Amino acid sequence: MFAAGILGAVLSALVAWTPPLTYETEHFRFHYVEEARGDAVALARRAEAIRQRVVGDLGVAPTETTVVKVVARWEEFQRAQPGGRRFPRWVAGVAYPRKNLIILGPAPPGGRPLAREVLFAHEYSHIALSH
(Lines give C-alpha, C1' and ligand atoms only; values in the text may rest on other atoms or scores of the structure.)
Protein backbone atom coordinates (compact mmCIF):
# COMPACT_ATOMS: atom_id res chain seq x y z
CA MET A 1 0.00 0.00 0.00
CA PHE A 2 2.84 2.38 0.93
CA ALA A 3 4.67 1.68 -2.38
CA ALA A 4 1.48 2.38 -4.32
CA GLY A 5 1.19 5.75 -2.54
CA ILE A 6 4.76 6.67 -3.45
CA LEU A 7 4.24 5.55 -7.06
CA GLY A 8 1.06 7.64 -7.25
CA ALA A 9 2.89 10.71 -5.94
CA VAL A 10 5.72 10.26 -8.45
CA LEU A 11 3.30 9.77 -11.36
CA SER A 12 1.24 12.81 -10.41
CA ALA A 13 4.42 14.91 -10.40
CA LEU A 14 5.34 13.65 -13.88
CA VAL A 15 1.90 13.84 -15.46
CA ALA A 16 0.61 17.39 -15.57
CA TRP A 17 -2.91 18.22 -14.47
CA THR A 18 -5.36 19.18 -17.22
CA PRO A 19 -8.33 21.46 -16.52
CA PRO A 20 -11.66 19.63 -17.01
CA LEU A 21 -13.51 21.78 -19.58
CA THR A 22 -12.69 21.89 -23.31
CA TYR A 23 -13.26 24.23 -26.27
CA GLU A 24 -11.86 23.20 -29.66
CA THR A 25 -11.06 25.18 -32.79
CA GLU A 26 -9.46 24.03 -36.04
CA HIS A 27 -5.88 24.23 -34.69
CA PHE A 28 -6.31 24.46 -30.90
CA ARG A 29 -7.76 22.51 -27.98
CA PHE A 30 -8.38 24.78 -24.99
CA HIS A 31 -8.69 23.13 -21.57
CA TYR A 32 -9.94 25.41 -18.81
CA VAL A 33 -11.55 25.56 -15.39
CA GLU A 34 -15.05 26.98 -14.87
CA GLU A 35 -13.67 30.15 -13.25
CA ALA A 36 -11.62 30.86 -16.39
CA ARG A 37 -14.45 30.09 -18.85
CA GLY A 38 -14.96 33.69 -20.03
CA ASP A 39 -11.25 34.25 -20.51
CA ALA A 40 -10.66 30.89 -22.22
CA VAL A 41 -13.66 31.05 -24.56
CA ALA A 42 -12.92 34.66 -25.58
CA LEU A 43 -9.34 33.70 -26.34
CA ALA A 44 -10.38 30.53 -28.17
CA ARG A 45 -12.71 32.55 -30.39
CA ARG A 46 -9.77 34.78 -31.41
CA ALA A 47 -7.17 31.99 -31.54
CA GLU A 48 -7.42 31.19 -35.26
CA ALA A 49 -7.03 34.86 -36.24
CA ILE A 50 -4.04 35.17 -33.89
CA ARG A 51 -2.55 31.98 -35.34
CA GLN A 52 -2.99 33.30 -38.87
CA ARG A 53 -1.14 36.50 -37.94
CA VAL A 54 1.71 34.67 -36.19
CA VAL A 55 2.10 32.13 -38.99
CA GLY A 56 1.99 34.93 -41.58
CA ASP A 57 4.74 36.83 -39.75
CA LEU A 58 6.95 33.80 -39.08
CA GLY A 59 6.24 31.71 -42.17
CA VAL A 60 6.02 28.45 -40.17
CA ALA A 61 3.12 26.56 -38.64
CA PRO A 62 2.67 23.46 -36.49
CA THR A 63 0.71 20.71 -38.20
CA GLU A 64 -0.75 19.19 -35.02
CA THR A 65 -3.36 20.63 -32.69
CA THR A 66 -1.85 22.91 -30.03
CA VAL A 67 -3.15 22.29 -26.52
CA VAL A 68 -3.77 25.41 -24.41
CA LYS A 69 -4.46 25.17 -20.68
CA VAL A 70 -6.13 28.23 -19.11
CA VAL A 71 -6.35 28.38 -15.32
CA ALA A 72 -7.83 30.72 -12.75
CA ARG A 73 -5.50 30.22 -9.77
CA TRP A 74 -1.76 30.22 -9.28
CA GLU A 75 -1.82 26.74 -7.73
CA GLU A 76 -3.55 25.39 -10.87
CA PHE A 77 -0.87 27.00 -13.06
CA GLN A 78 1.83 25.24 -11.06
CA ARG A 79 -0.01 21.89 -11.11
CA ALA A 80 -0.51 22.08 -14.89
CA GLN A 81 3.25 22.16 -15.57
CA PRO A 82 4.73 18.96 -17.02
CA GLY A 83 7.26 17.23 -14.81
CA GLY A 84 6.25 19.26 -11.77
CA ARG A 85 8.22 22.29 -12.96
CA ARG A 86 7.68 25.40 -10.80
CA PHE A 87 7.69 29.04 -11.88
CA PRO A 88 7.94 32.36 -10.02
CA ARG A 89 4.74 34.40 -9.67
CA TRP A 90 5.74 36.90 -12.37
CA VAL A 91 5.43 34.22 -15.08
CA ALA A 92 2.11 34.76 -16.88
CA GLY A 93 2.35 31.94 -19.40
CA VAL A 94 4.70 29.29 -20.72
CA ALA A 95 5.10 27.32 -23.94
CA TYR A 96 6.43 23.79 -24.30
CA PRO A 97 7.23 23.55 -28.03
CA ARG A 98 8.15 19.83 -27.99
CA LYS A 99 4.80 19.06 -26.35
CA ASN A 100 2.88 21.54 -28.53
CA LEU A 101 1.50 22.92 -25.26
CA ILE A 102 0.78 26.40 -23.90
CA ILE A 103 -0.19 27.05 -20.28
CA LEU A 104 -1.65 30.44 -19.38
CA GLY A 105 -1.69 31.53 -15.76
CA PRO A 106 -4.54 33.40 -14.08
CA ALA A 107 -5.71 36.55 -15.83
CA PRO A 108 -4.86 39.61 -13.74
CA PRO A 109 -7.90 41.26 -12.09
CA GLY A 110 -9.18 43.99 -14.38
CA GLY A 111 -6.79 42.86 -17.11
CA ARG A 112 -7.59 43.74 -20.70
CA PRO A 113 -8.50 41.02 -23.20
CA LEU A 114 -5.91 42.45 -25.60
CA ALA A 115 -3.15 41.70 -23.06
CA ARG A 116 -4.23 38.03 -22.98
CA GLU A 117 -4.20 37.91 -26.77
CA VAL A 118 -0.67 39.36 -26.84
CA LEU A 119 0.46 36.78 -24.27
CA PHE A 120 -1.16 33.97 -26.26
CA ALA A 121 0.45 35.19 -29.52
CA HIS A 122 3.84 35.37 -27.78
CA GLU A 123 3.57 31.82 -26.43
CA TYR A 124 2.22 30.49 -29.73
CA SER A 125 5.17 32.06 -31.56
CA HIS A 126 7.46 29.79 -29.49
CA ILE A 127 5.44 26.78 -30.68
CA ALA A 128 5.46 27.91 -34.31
CA LEU A 129 9.19 28.68 -34.35
CA SER A 130 9.98 25.19 -33.11
CA HIS A 131 8.40 23.78 -36.25
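The legends below accompany close-up views of a predicted model.

**View 1. Overall layout of the chain.** The chain contains four helices and five strands, and from the N terminus on these elements follow the order α-β-β-α-β-α-β-β-α. Of the 131 residues in the chain, 41% are buried. When contacts between residues at least 6 apart in sequence are considered, 59% of them join residues at least 24 apart.

**View 2. The largest nonpolar core.** This core has 24 residues, and those with the most contacts inside it are F30, V68, V70, I102, F120 and Y124. At least two residues of the core come from each of β2 (28–32), α2 (37–58), β3 (66–70), β5 (101–104) and α4 (113–129), and α2 gives the most, with eight residues. Another core, of eleven residues, lies apart from the largest one and includes V71, W74, V94 and L101.

**View 3. Surroundings of Y124.** Leaving aside residues up to four places away in sequence, Y124 touches F28, R51, V54, V55, P62, T66 and I102. Y124 has a relative accessibility of 1% and therefore counts as buried, and Y124 is also one of the residues with the most contacts inside the largest nonpolar core.

**View 4. The aromatic pair of F28 and Y124.** The count of aromatic pairs comes to seven, and one of them is formed by F28 and Y124, whose rings are edge-to-face, with 5.2 Å from centre to centre and 65 degrees between the planes. This pair links distant parts of the chain, since F28 belongs to strand β2 and Y124 to helix α4, 96 residues apart. Is F28 buried or exposed? F28 is buried, its relative accessible area being 0%. Together with F30 and F120, the residues F28 and Y124 form one aromatic cluster.

**View 5. Helix α4 and what covers it.** Helix α4 has 17 residues and reaches 24 Å from its first C-alpha to its last, which is close to the 24 Å expected at 1.5 Å a residue.

**View 6. An arginine over a tryptophan ring.** R79 lies over the face of W17, at 4.2 Å from the ring centre.

View 7. Side chains of opposite charge can pair when their charged atoms come close. Six salt bridges are found in a search of the whole structure. In one of them E24 is joined to R29, with the closest N and O atoms 3.5 Å apart; E24 counts as exposed at 51% relative accessibility, whereas R29, at 27%, counts as partly exposed. In another, the side chains of R37 and E34 meet at 2.7 Å, N to O. R37 is partly exposed, with a relative accessibility of 34%, and E34 is also partly exposed, with a relative accessible area of 48%.

View 8. E35 and R73 form a salt bridge in which the closest N and O atoms are 2.2 Å apart. Because E35 lies in the loop between β2 and α2, and R73 in the loop between β3 and α3 (74–79), the pair ties together parts that are 38 residues apart in sequence. E35 counts as exposed, with a relative accessibility of 55%, while R73 is partly exposed, with a relative accessible area of 39%. A network of salt bridges links E35, R73 and E76.

**View 9. E26 and E48.** E26 is found in the loop between β1 (21–24) and β2, where E26 counts as exposed at 64% relative accessibility. How far apart are the C-alpha atoms of E26 and E48, which are 22 residues apart along the chain? The separation of these two C-alpha atoms is 7.5 Å.

Note on methods. Residues numbered from 1 in each chain as written. Predicted model: local features only at pLDDT ≥ 70, side-chain atom pairs only at ≥ 80, totals over all residues. Heavy atoms only, no water. Core = buried A, V, L, I, M, F, W, Y, C linked by side-chain atoms within 4.5 Å. Buried < 20%, exposed > 50% of the residue type's maximum accessible area, 1.4 Å probe, protein only. Contact = heavy atoms within 4.5 Å. Phe/Tyr/Trp six-rings, centres within 6.5 Å; stacked < 30°, edge-to-face > 60°. Lys NZ or Arg CZ within 6 Å of the ring centre and 35° of its normal. Expected span 1.5 Å × (residues − 1). Salt bridge = Lys/Arg side-chain N within 4 Å of Asp/Glu carboxyl O.
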